[in-house]
Amino acid sequence: VALRGKQFAVVLERTAFYPTGGGQMHDLGLLDGAPVMDVLEEGARVVHVMARAPQGETVSGEVDWARRFDLMQQHTGQHILSQAFYSLCGAETISVHMGEAMCTLDVPVHLTSAQVTRAEELANQIAQENRPVRAAFVSNDELARLPLRKPPGAYEKIRIVEVADFDWSACGGTHLRATGEVGLIKTIRVERRGKESRIEFLCGMRALRDYRWKNQAVVELALGFSVKDSDLAATVQKLADEAKETRRQLNFFKERALEQEAQALYQDAGLRDGVRIVIRAFVDRSMDEVRKLALALRAMPSCVVLFALGGEKSNFIFARSDDATHDMAALLKETLTSIGGRGGGQPEMAQGGGPAAPNIEALLAQAADRLKT
């Protein structure tokens, strides 16, 4: 037993706890009634990370069997699925990850949906045939005769996990006794990553739980739309297309309305030295909308725009047309300084804000007065 910060590293003469390695997560459980928080492999030692040290020289342990069985389902299912991709598509598994929620395997090719479906069906066929799964250490001579998917590295002893008459893989992980214990093998998603494909998959109870919530979602959505489950995807796509067209039309009419509002503000604006000065303080309008209105006015000749948006914070947008000469950035800076705000921009257009200003109309009026100088 050794201390690691506030935790204890416990090494036993023998252990049933599997350490993290080979793409598989570590076991959890109890040693002398104390939780095992992590299990690491350090050289020839298996280190159990615990919050407190066991008492005495002899300890009893209990592996979290539900977690172990789940990991065995994922790991054995991965062997079967990897062999299915290899035998049907020539796609060798180049990396594997088995997480708490999702498992992935990577292959160095782009897979079609048809290839993924065929591999998934073959993998489930092998699972349903309940073939024996055996693990044994083999000699170099025996190793040379096995049709391995991937040659092992240089190890003193090689452990082969065999799915009878289907797959032979060098692996030190935990596995089931027969393929039927894997249950369902389900691919969830395929993602292209450069020249590779990443396949997300779930096995056993994980696949069942995934199916359960997705099926419930489909049933509830279908009931909500008053359609059959099989028609749901087409219904949602139709509604999405209609919503997209509605948004397009809404944006079109909003733009026309902003143009008309800009024209009205321009016509009603007071003249000063031949320049129309548009002053408005807005409430309950989006900053994006106010900005678009300022841009529409800026496109008109001889115009200066002094806009503010009140609320929990005050925001300002100052702008001018290209043929005006006032420096909007400098004018905005002077205005914001008085309320402890910040902003910036160009001489043609500037934007900034600060704390709520109850006298926001007065601030705009003062900014308009500065235009005289």
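Tutor: Happy to! Helix H1 gives the largest share of the lining of the largest pocket, five residues. A pocket here is, on a 1 Å grid over the protein atoms alone, an open set of points where a 1.4 Å probe fits, with protein on both sides within 12 Å along at least five of seven lines; lining residues have an atom within 4 Å of a point. This is a predicted model, where local features need pLDDT of at least 70 and side-chain atom pairs count only at pLDDT 80 or more, while totals for chains, interfaces and linings use all residues. Residues are numbered from 1 along each chain as its sequence is written, and side-chain values use heavy atoms, leaving out hydrogens and water.

At least two lining residues each come from H1 (65-89), strand E7 (95-98), strand E10 (158-163) and strand E11 (167-170); helices (H or I, at least four residues) and strands (E, at least two) are DSSP runs, numbered from the N terminus. Of the 38 lining residues, Gly-22, Ala-170, Cys-171, Gly-172 and Gly-173 lie nearest the centre of the largest pocket. By type, the lining holds 15 nonpolar, 16 polar and seven charged residues (Ala, Val, Leu, Ile, Met, Phe, Trp, Tyr, Cys and Pro are nonpolar, Asp, Glu, Lys and Arg charged, the others, Gly among them, polar). The volume of the largest pocket is about 1300 Å³, counted as the space filled by probe spheres set on grid points joined across faces, edges and corners.

The second largest pocket holds about 320 Å³ of space. Its lining has 17 residues, with Leu-12, Glu-13, Arg-14, Glu-57 and Val-59 nearest the centre, and splits into nine nonpolar, five polar and three charged.

Now to the cores. In the largest nonpolar core, of 28 residues, the members touching the most others are Ile-80, Leu-81, Phe-85, Leu-105, Leu-111 and Ile-185; such a core is a set of buried Ala, Val, Leu, Ile, Met, Phe, Trp, Tyr and Cys residues joined through side-chain atoms within 4.5 Å. H1, strand E8 (103-107), helix H2 (113-128), E10 and strand E13 (196-203) each supply at least two residues of this core, and the largest share, six residues, comes from H2. A second, separate core of 20 residues includes Val-275, Leu-331, Ile-339 and Ala-367.

Strand E17 (residues 313-320) contains Ser-314, buried with a relative accessible area of 1%. The Ser-314 side chain reaches the backbone oxygen of Pro-355 at 2.6 Å. Beyond residues up to four places away in sequence, Ser-314 touches residues including Leu-309, Ile-339, Gly-354 and Ile-360; contact means heavy atoms within 4.5 Å.

E17 also holds Ala-319, which is buried at 0% relative accessibility. Leaving aside neighbours within four places in sequence, the contacts of Ala-319 include Arg-298, Cys-303, Met-328 and Glu-348.

How values were computed: Buried < 20%, exposed > 50% of the residue type's maximum accessible area, 1.4 Å probe, protein only. Polar contact = N/O pair within 3.5 Å; in protein donor to acceptor, adjacent residues only side chain to side chain.
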